Amino acid sequence: MRLKTMQYFIEIACANSISQISRKYGIPQQSLSSAIASLENELDISLFTRSGTKLTLNEAGKQFYRYCVDFFADYDMLKNALHPSSQASVIPMEPIVVAAQNSIAQTMLPDWLSRLLKYHPEIHLEIKIQSYNDIINAVLWDQASIGFVLFFEKNQHMYPVLPEELKFCRLFSCRPVFWINSRNPLSQGQTVTMRTLKDYPLIKNEQADAELFKFVFIDFFKFQGTFVNAVNEQIMFRLVKENLAICPDLETPQGKFGLGYLFENQEDMVAVPLSNKESPQMTVGYITKNDVVPNDSLTYILTYLEGHE
């Protein structure tokens with residue numbers, strides 16, 4: 001397997017097109033097609049789903065793509081370590097504006113960004129922390145190329161409702177949980193309900209998306225209990241630590257909590273999920289315009305996200 005073939009594979013995967021890479025590098029399409037065909041024969045598996053001239057990575061292709069970008073990241077680090085004085089200057093790509101809700105920016109984005117920039121250090125990102133509506137408007141009016149949001153779905157209710165000019169791409173789903181002090185009787189149950197929660201103050205994180213919080217607890221569930229405003233993490237922690245309030249959170253399919261770094265290692269705090277009957281589907285994903293024409297940076301980002309669903 002040649003390094004050049006692996007590089008062409010990455011380029012073709014990002015562009016979803018052989019002809020585009022052919023024009024970019026002045027290489028005959030037949031040569032690139034033959035290289036990909038040889039690669040698939042060597043691996044004894046198909047890497048793309050083909051629709052006319054468009055190529056889309058299938059599951060095996062996504063796995064091989066991740067392997068390739070990991071390989072070249074490690075390969076570049078090895079070259080730089082062996083020849084530190086010969087590192088080539090990197091020409092920054094056109095900056096990409098990424099909008100995200102604060103909860104996503106504090107939990108998902110740091111890990112995602114560290115891995116993405118390891119593979120593509122030339123990408124220049126500008127992160128904006130915004131609310132639902134501001135993210136939607138930013139992407140709609142080309143003030144951001146991509147927006148990360150958390151969607152609520154339950155009994156045909158969906159929030160937010162996107163304009164038809166935008167599309168949503170799912171990354172993963174979460175389930176609602178609540179951090180409860182072990183002295184609270186609710187900590188002993190397998191689940192909680194909105195009815196049982198109403199007897200205890202619920203923390204409203206002032207740094208989270210106020211629009212989403214209002215929709216979930218006030219508009220949809222019509223929560224009858226009281227709320228305690230917390231302007232920072234220290235206050236949230238003390239409120240649960242002293243058994244004065246309960247803190248909402250989300251758990252990913254991998255068992256990671258959005259606020260796990262704050263509560264998870266505390267022996268007197270437990271995360272109790274909302275009952276399956278009441279629990280909505282909370283989906284983390286990203287939005288872009290339907291007619292967006294991605295530049296190189298955005299193409300790399302979108303392909304990376306598709307490969308890490």
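Colleague: Why is Leu 162 called partly exposed?

Modeller: The relative accessibility of Leu 162 is 22%. Buried means under 20% relative accessible area, exposed means over 50%, and partly exposed is what lies in between (1.4 Å probe, protein chains only). At 22%, Leu 162 therefore counts as partly exposed. This is a predicted model, in which local features need pLDDT of at least 70 and side-chain atom pairs count only at pLDDT 80 or more, while totals for chains, interfaces and linings use all residues. Residues are numbered from 1 along each chain as its sequence is written, and side-chain values use heavy atoms, with hydrogens and water left out.

Colleague: Where is Leu 162 placed, and which residues does Leu 162 touch?

Modeller: Leu 162 sits in the loop between β6 (157-159) and β7 (166-181). Helices (H or I, at least four residues) and strands (E, at least two) are DSSP runs, numbered from the N terminus. Not counting residues up to four places away in sequence, Leu 162 touches Ile 136, Phe 151, Lys 167, Phe 168 and Ile 287, where contact means heavy atoms within 4.5 Å.

Colleague: What are the buried residues of α6, and what do they pack against?

Modeller: In α6 the buried residues are Tyr 132, Ile 135, Ile 136, Ala 138, Val 139 and Leu 140. They pack against β3 (96-100), β5, β6, β7, α8 and β12 (281-289).

Colleague: Why is Lys 222 called exposed?

Modeller: Lys 222 has a relative accessible area of 53%, and therefore it is exposed. Its phi is positive, at about 50 degrees, and Lys 222 is not a glycine either. Lys 222 is found in the loop between α8 (210-220) and β9 (227-230).

Colleague: Why does Ile 129 count as partly exposed?

Modeller: The relative accessible area of Ile 129 is 46%, so Ile 129 is partly exposed. Ile 129 is part of strand β4 (residues 125-129). Not counting residues up to four places away in sequence, Ile 129 touches Ala 100, Gln 101, Asn 102 and Ala 105. Ile 129 and Lys 4 are 125 residues apart in sequence, and their C-alpha atoms are 39 Å apart.

Colleague: Why is Glu 11 called buried?

Modeller: Glu 11 has 15% relative accessibility and therefore counts as buried. Glu 11 is in helix α1. Beyond its neighbours within four places in sequence, Glu 11 is in contact with Ile 21, Lys 24, Tyr 25 and Tyr 300.

Colleague: What makes a set of residues a nonpolar core, and which members of the largest one touch the most others?

Modeller: A nonpolar core is a set of buried Ala, Val, Leu, Ile, Met, Phe, Trp, Tyr and Cys residues joined through side-chain atoms within 4.5 Å. The largest has 81 residues, of which Phe 9, Phe 148 and Phe 178 touch the most other members. Helix α1 (residues 3-15) gives the most to this core, namely eight residues. A second, separate core of 15 residues includes Val 177, Ala 245, Leu 259 and Met 269.

Colleague: Which residues is Phe 178 in contact with?

Modeller: Leaving aside neighbours within four places in sequence, the contacts of Phe 178 include Val 192, Met 194, Leu 197, Phe 217, Ile 246, Pro 248 and Val 272.

Colleague: How do you know that β1 and β2 pair?

Modeller: Two strands pair if DSSP finds at least two bridges between them. Four bridges join β1 (residues 48-51) to β2 (residues 54-57), and the strands run antiparallel. In one of these bridges, Arg 50 is partnered by Leu 55 of β2. The two strands form a hairpin with two residues between them, and Gly 52 in the turn has a positive phi of about 65 degrees.

Colleague: How many helices and strands does the protein have, and how much of the protein counts as buried?

Modeller: The protein has 11 helices and 12 strands. Of its 309 residues, 46% count as buried. Along the principal axes, the C-alpha atoms fill a box of roughly 70 × 45 × 35 Å. Among contacts between residues at least 6 apart in sequence, 76% join residues at least 24 apart.
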